[in-house]
Amino acid sequence: MRRGGSARAAETRSGWLFVSPVIIVLGLFLVAPIVIAFWVSVSDWNGRGSPLSSGVSFVGAENYRQLLTEDSLTRSDFATSLRNNFYYVLLVVPIQTVLALALALLLNQRRLKGLSFFRTAYYFPSVTSSVAIASVFLFLFAGGGSVNALLGIFGIDGPQWFADPRGVLHIALGWVGIGNGADGPGPVALTSHDFLGLSWWDWLAGPSVAMLTIIALVIWVSAGGYMLLFLAGLQNVSSDVYEAAAIDGATRWRTLRSITLPLLRPTLFTVLTLGLIGTWQVFDQVYIMSKGNPGKTTLTPAFLSYDQSINNGQWGSGTAMSFVLFGIIVVFTAIQSLVLRDRDPGSRGRFGRRRAVQPVTPPNSMQPMGPTT
Amino acid sequence: MSRKTTTAAVAACLTGVLALAACGGGGGFDSGADSGATQPTASGPVTLKFMITSNGPADVKLQQDTVKAWETKTGNKVEVIAASDINQQLTQGFAAGSPADVFFTDANVFPTYAKAGNMLAYGDQLDMKSDFYEGLVKTFTYDDKFYCAPKDFSTLALIINTDMWTKAGLTDADVPKTWADLETVSKKLTTGGVKGLVIGDTRDRVGAFMKQAGGWIANADQTQMTADTPENLAGLQEVQKLLASGSAAYPKSVDSGWGGEAIGKGKAAMTIEGNWIKGAVKNDFPDLKWKAFELPEGPQGKGTLSFTQCYGIASVSKNQAAAIDLVKYLSTAEPALALAKGLGVMPSLKSAADGYKAAFPDEAAFLAGAEYAQGPVTVAGMDPVLKDFDTQLQGLPGADPKAMLARLQKNGQAALS
C-alpha cells in the first residue's frame, strides 16, 4: 500500500491544507472584489442590492465604449483626470526617487553623527497618517499661511495655492509669448483639435498651482519611505567592492555611477515600480485637500472613479475607469521594467558587471573614497 | 509544482471565487424590484434606524428628543445615527440591501436615489400632503410620484455684519435694493483686508443673480435646458463685474471655506447665505453681530434660491409601516416647529409658518424669500453637469460667462435626453 505516489499525494494534501488560509484570505479580500468589480464594469448594476442578483444584466463593453468614445462630460472629466495624474506622476516619481537615493547615500556614511536620529526624522512623515499631514499642509499653503509669509519675506506675493487652477506650463508658455497666459484662450492651432474631449492646449496645461502643493506633500512624505529601501539596498553592497574601487583610484562620482547605482538596480526597480503604482492611484490627498478643485485640476482617475460611483450612482462607468487605470499602470510598469532590464544577461554575478570596476586612468589625484571608518 | 497541480490550484481558486459570488447572489435583495411595493410589516415593536446629517451633537440630541414622544406613543424605538458622509454611507447600505430605514435625503441626490429605485414613494399616503409648500412637493416628485415628505427648507438672504455697516457710515436706508445699490455698498465696505461682499463660488449662490435677471438653468417642468439665455448671461456678468471691481470675492481668496466663515472671521462685511448661517455663527463666531435682508432685486425683480431635504424611506426597509408613521408624526406642526427652531431652518408646513414668524421675527427675510424662491434642479444625472458648471464659475471674473452657459446648456441637454 505504501507506494511512493500515495505518500506524495498525502504530502500534497497537507501542503494544500497549510496554504489554504492564505488562499482563502487572498481570495476573499483580493481576488473576489476584483472579479466582482470587473463584473460591475461590464454590467448595468445601479448600486441597488447585490451586483450578482438576477436583475443585473451583462452589457459587454458598453460602459467602456461610452467612457472612451462618446462625447460627454464624463469623458472629458476622465481625460482631465488622466492629464492631471500624468503630470503628477511625471514630477513625483523622479523627484521622490532621486531625493530618496540622495538621502540614503547621505545617511549611509558611517562617519556621520546622529545617524539614527536622521533616519527616524526622514522616515517620520511616512509613518504619520496621511490625513494628519494633509490637514497640516492645508494650513501651510493657505493664502495667508506660513508658506506665503515666508515668500513675503523675500518680497514675493505668493499665490492662493488651493484656489489657483492655472496650469504651470500655460503660465510658462505665456512668458515666452504663446497663448496669452494661463487665463486667455490658447493658440487656435492647439485649441481646434482635441483628444478624448479635451483640447490639445488643455492637455498641455501642466500641473496646476494647486496640484503642485499636493505634489510637494507627496514627495515630502514618500521620499523618507523609499530612502529606507535604498538604505537597505546599500547595506547589502559589500565593502570589498568599494575598497577595490578605492585602490583603483575611482572618484566618488565614478564610484556612484559604476558601482553603487548598478548594484542598487533591483532596489531602484522596486522603488520605481512602487512609486509608479502609488502615484497613479493617488486618492486620499485629493479627497482631503481638494476634492478635484480648483477647476478640476486636482481630479485624478481614482478620485473620479469614486465620485462617479458613490456620488453619481454611475457604477458601470466608475468601475470601467478603474480598470482603464489598471491598464495604464500595467503599461507604464512594463515600459519601466523594459527600460531597467539587465542589459548584459551573460554576466549574472553580482560583481561581474561590465565596466563595474574598470581601472580609471590616469590615477586621479582626488582622495579615494571608501567605507573606511 | 507540476503543471497539473498548478492547474488544480487555479481551479480551486476560481471555484472559491465563484462560490463566494454565489453566496453574494444568494443573499437575495431582489425582492423590492418595484420601488413602490411595501415590504411585509414586522410584527411587534420595531427599532427604526434613522440616519441624519448634523452640525454637531446638539442637532443629534434635538432629533432624539423630538422622536421621543413618538417612541412612547407607539412603543417602537428609533436609533438616530449621525452620518459623517451620508451619501457614501447610504450608498453602501443600498448595495448591501440594509440601508437605514429613514434618512435625510438632499434634493440634489434625490433623483439619483429615486431613479435607482432605492426610495419608497410614500408621499401620497401622507394626510398633510396639501399642507406642504407646493414647490417642495414638486422638488420631491420624480416620475409623477410624490416620493417623500419635505423636512424643512432654507432660502438665501443678504447677511450683513452690522458693526462694519455702521462703521462705514451706512444706515438702514442704505440696505441695497438693486444691483447698483449692492455695487455701491460693497465698494464702501471694502477696506484693506475686508471685502465688501463674499459669495460662494457655486450655482447655489451665483444662481440667485441668474434668477434676479429673469433666467434659470432649466424650464419650469425641467424638460428643457434654458441655460444659454441673455437673462442668465446678465446675471453672470453682474457677478463678474462685482468680482472684477475688487469689492467682492469668492471665499477661497479670503482663506475661507464658505461665506459664513468669511463674515465670521471679519474678512467680509456682507455675504449671501441661507438660514444655516444662524447655527454656524452661534457655534463658531458668537461675537458676530449680523442681520439678514432680502436679496437685492435684479432687472427682472426679486430672486432667491431655496434648499431642502426630505425624509427618505428605503424601499428595502422591513419597517416601512412604522417608518411612514414616524414621518407622519414628524410632519405635524409641533415637532416640525421644534426641529425648525433648533436647526434654524423653516418648517415645510404652511400651517407652521405663523408659529415660525412668531418665534423669529428677525428672520423675516428668509421666510419672505419663500414666496419667490427657485428650488434646485432635480433631474437624475444632472448633478455632475451642475458640478461642472460650479467648476466653470470658479473661473470668474477672468473666464467668459457666455462659454460657461453654452457648456452648461450642452451638457445639461445631454443629461436630459
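This is a predicted model: local features need pLDDT of at least 70, side-chain atom pairs count only at pLDDT 80 or more; totals for chains, interfaces and linings use all residues.
In chain A, the secondary structure consists of 16 helices and two strands. Chain A has 373 residues, of which 43% are buried.

The contact between the two chains involves 39 residues from chain A and 37 residues from chain B. Together the chains bury about 2900 Å², and 56% of this area lies on carbon and sulfur atoms. Across the interface, 11 residue pairs are in polar contact, with both residues of a pair at pLDDT 80 or more. On the side of chain B that touches chain A, at least two residues each come from helix H1 (3-26), helix H3 (86-96), helix H16 (383-393) and helix H17 (401-416) of chain B. H1(B) gives the most to this side, with eight residues. Sorted by class, the side of chain B that touches chain A holds 15 polar, 13 nonpolar and nine charged residues.

Three salt bridges are counted between chain B and chain A. One of the salt bridges in the model pairs the side chains of Lys410(B) and Asp71(A), with an N to O distance of 3.7 Å. Another pairs Asp388(B) with Lys296(A), and here the closest N and O atoms are 2.5 Å apart. Asp388(B) belongs to helix H16 of chain B, whereas Lys296(A) sits in the loop between helix H14 (284-289) and helix H15 (301-311) of chain A, so the pair joins two chains. Both partners fall under the 20% limit for a buried residue. For Asp388(B) the relative accessible area is 3%, and the residue is therefore buried. Lys296(A) has a relative accessible area of 11% and is likewise buried.

Over all chains, the search of the whole structure finds 23 salt bridges. Among them is a pair within chain B, Asp65(B) and Lys61(B), whose side chains meet at 3.0 Å, N to O. Both residues lie in helix H2 (residues 57-74) of chain B, and their separation of four residues is about one turn of the helix. Asp65(B) has a relative accessibility of 37% and counts as partly exposed. A further salt bridge links Asp152(B) and Lys151(B), with the closest N and O atoms 2.9 Å apart. Asp152(B), at 8% relative accessibility, counts as buried. Lys151(B) is also classed as buried, at 10% relative accessibility. Elsewhere, salt bridges that share partners connect Asp307(A), Arg203(B), Asp204(B), Asp383(B), Lys387(B) and Asp390(B) in one network.

A disulfide is a covalent bond between the sulfur atoms of two cysteines. One disulfide is counted over all chains. The disulfide is formed by Cys148(B) and Cys310(B), whose sulfur atoms are 2.0 Å apart. Cys148(B) is placed in the loop between strand S5 (145-146) and strand S6 (149-161) of chain B, and Cys310(B) in strand S11 (residues 304-313) of chain B, so the pair ties together parts that are 162 residues apart in sequence. The disulfide is left-handed because the torsion about the S-S bond of Cys148(B) and Cys310(B) is about -80 degrees. Cys148(B) is buried, with a relative accessibility of 0%. Cys310(B) is buried as well, at 0% relative accessibility.

Gln374(B) is located in strand S13 (residues 373-374) of chain B. With a relative accessibility of 18%, Gln374(B) counts as buried. Leaving aside residues up to four places away in sequence, Gln374(B) touches Lys211(B), Trp216(B), Thr304(B), Leu305(B) and Ser306(B).

Key
Residues are numbered from 1 along each chain as its sequence is written. Chains are lettered from A and ligands numbered from 1 in the order in which they are written. Side-chain values use heavy atoms; hydrogens and water are left out. Contact means heavy atoms within 4.5 Å. Buried area is the accessible area (1.4 Å probe) that two parts lose on being put together, summed over both. A salt bridge is a side-chain nitrogen of Lys or Arg within 4 Å of a carboxyl oxygen of Asp or Glu. A polar contact is a pair of N or O atoms within 3.5 Å; within protein, one must be able to donate a hydrogen and the other to accept it, and residues adjacent in sequence count only if both atoms are side-chain atoms. Ala, Val, Leu, Ile, Met, Phe, Trp, Tyr, Cys and Pro count as nonpolar, Asp, Glu, Lys and Arg as charged, and the others, Gly among them, as polar. A disulfide is a pair of cysteine sulfur atoms within 2.5 Å. Buried means under 20% relative accessible area, exposed over 50%, partly exposed in between (1.4 Å probe, protein chains only).
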